[in-house]
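Me: I would like to go through this model and ask what its labels rest on. Please set each value against its cut-off and then conclude.

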Amino acid sequence: MGNKRTAVFNSTGRLKRVLLGKPTYYEILPLSDIARKLYDQGVKVDRETWLKEHAEFEDVFVQLGIEISWVKLKPELPWQASTRDFGVNTPNGILIGRFRYHERKGEEVMAKETLEELGETILPKQITRGCVEGGDCFWLDENTLIIGNGNRSTYAGYENAKEILSEYGKRVFVVEFLSKWNHLDVIFQPVADKLAIVCEDAVPDYLIGFLDALGWELIKVPGEYAFRNEINMLALGDDKVLSFRGNRLNEMLRARGLEVFDPDTRTFAIAGEGPHCLSFELEREP
């Protein structure tokens with residue numbers, strides 16, 4: 001157990017601390033439909049561009065006084081910039097997950113090692129059956145976690161997470177969707193308190209009903225927004241949201257009174273990587 005207040009009580013509270021990873025060794029890996037298309041086309045990564053764009057992304061956290069910690073990198077783990085996926089933070093500490101594809105296995109080991117050195121709180125149990133990746137996980141409130149079951153996380157992983165988190169009095173529900181959407185954060189994204197963007201072409205009807213019962217307001221958009229990775233954002237709290245330049249949803253959110261930060265990370269977006277993918281919350285306010 002660590003000595004820091006490592007806790008996330010929801011998906012939209014004020015963000016205080018975050019874990020990031022530099023795209024120092026980034027490569028295109030065929031682990032989603034979008035990335036597979038780029039891989040088949042032989043697209044190569046211009047790391048200078050990626051590092052420049054990531055620096056703009058980092059600067060938003062600096063502007064807002066959000067403390068940044070850095071995951072330790074290994075050249076053989078080229079997707080560590082997507083720090084979201086090694087697990088999910090909880091009100092009681094971090095649950096270390098399990099990757100589905102072998103190309104990413106080992107990232108959770110480096111993340112755990114980093115977190116231990118930082119003195120963060122890690123749950124004593126971690127996912128050992130099936131797969132759970134952070135891009136599929138959202139807290140709807142302090143006691144309710146949803147886990148997507150699409151391309152990455154599996155039903156067995158959801159059941160394992162449910163068993164572990166039930167020991168802390170948490171409810172865990174599964175959200176099933178087609179694998180072409182990859183992670184849940186491609187088709188569903190909380191952006192402010194009880195306000196979320198949802199791809200109505202992709203999510204099951206029962207998720208819409210569940211959110212409605214919990215009092216959420218939904219901005220419903222068609223699948224084209226998901227294919228352009230425009231739904232993938234990061235709520236910063238206090239009606240602030242981190243998006244990217246050129247995202248067609250930015251003005252829609254500003255019209256609702258949200259302050260939208262839009263660094264130029266369009267190269268990441270083209271490869272299927274958005275602000276939610278590129279960040280892991282270490283601490284949010286309730």
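Predicted model: local features only at pLDDT ≥ 70, side-chain atom pairs only at ≥ 80, totals over all residues.

Me: What makes the phi of lysine 194 worth a remark?

Reply: Most residues other than glycine have a negative phi. Lysine 194 is not a glycine, yet its phi is positive, near 60 degrees. Lysine 194 sits in the loop that joins β8 and β9.

Me: Why is lysine 194 called partly exposed?

Reply: Partly exposed covers the range between the buried limit, under 20%, and the exposed limit, over 50%. Lysine 194 has a relative accessibility of 31%, so it counts as partly exposed.

Me: What is the phi of aspartate 239, and where is aspartate 239 placed?

Reply: Aspartate 239, also a residue other than glycine, has a positive phi near 60 degrees. Its place is the loop between β11 and β12 (240-242). The relative accessibility of aspartate 239 is 44%, so this residue too counts as partly exposed.

Me: How do you know that the buried residues of α5 line one face of the helix?

Reply: The buried residues of α5 are Leu207, Ile208 and Leu211. Viewed down the helix axis, they fall within an arc of 100 degrees, so they line one face of α5. An α-helix has 3.6 residues a turn, so residues three or four places apart point the same way.

Me: Which residues does α5 carry on the face turned away from its buried side, and what covers the buried residues?

Reply: Asp205, Asp212 and Ala213 are the exposed residues on the face turned away. The cover over the buried residues of α5 includes β5 (137-141), β6 (144-149), β7 (171-176), β8 (188-192), β9 and β10 (217-221).

Me: How far is valine 203 from tryptophan 181 in sequence and in space?

Reply: Valine 203 and tryptophan 181 are 22 residues apart in sequence, and their C-alpha atoms are 9.7 Å apart.

Me: What makes isoleucine 231 count as buried or exposed?

Reply: Its relative accessible area is 0%, so against the limit of under 20% isoleucine 231 is buried. Isoleucine 231 is a loop residue, placed between α6 (223-227) and β11 (234-237).

Me: Which residues does isoleucine 231 touch?

Reply: Leaving out residues up to four places away in sequence, isoleucine 231 touches Asp185, Val186, Ile187, Phe188, Gln189, Ile197, Cys199, Val221, Tyr225, Ala226 and Leu249. For isoleucine 197, the separation from isoleucine 231 is 34 residues in sequence and 6.6 Å in space, C-alpha to C-alpha.

Me: Is tryptophan 79 buried or exposed, and what is the value behind the label?

Reply: Tryptophan 79 has a relative accessible area of 2%, so with buried set at under 20% it is buried. Tryptophan 79 is found in the loop between β2 (67-70) and β3 (87-90).

Me: Why does glutamate 103 count as partly exposed?

Reply: Glutamate 103 has 26% relative accessibility, so it counts as partly exposed. Its place is in the loop between β4 (93-96) and α3 (107-118).

Me: How do you know that the protein chain is as compact as a globular protein of its length?

Reply: The protein chain has eight helices and 14 strands. Its radius of gyration is 17 Å, close to the 19 Å that the globule rule gives for 286 residues, so the chain is as compact as a globular protein of that length. Of the 286 residues, 59% count as buried. Among contacts with a separation of 6 or more, 72% are between residues 24 or more positions apart.

Definitions and conventions
Residues numbered from 1 in each chain as written. Heavy atoms only, no water. Helix = DSSP H or I, 4+ residues; strand = E, 2+ residues; numbered from the N terminus. Rg over C-alpha atoms; globule rule 2.2 N^0.38 Å. Buried < 20%, exposed > 50% of the residue type's maximum accessible area, 1.4 Å probe, protein only. Contact = heavy atoms within 4.5 Å. Arc of directions from axis to C-beta.
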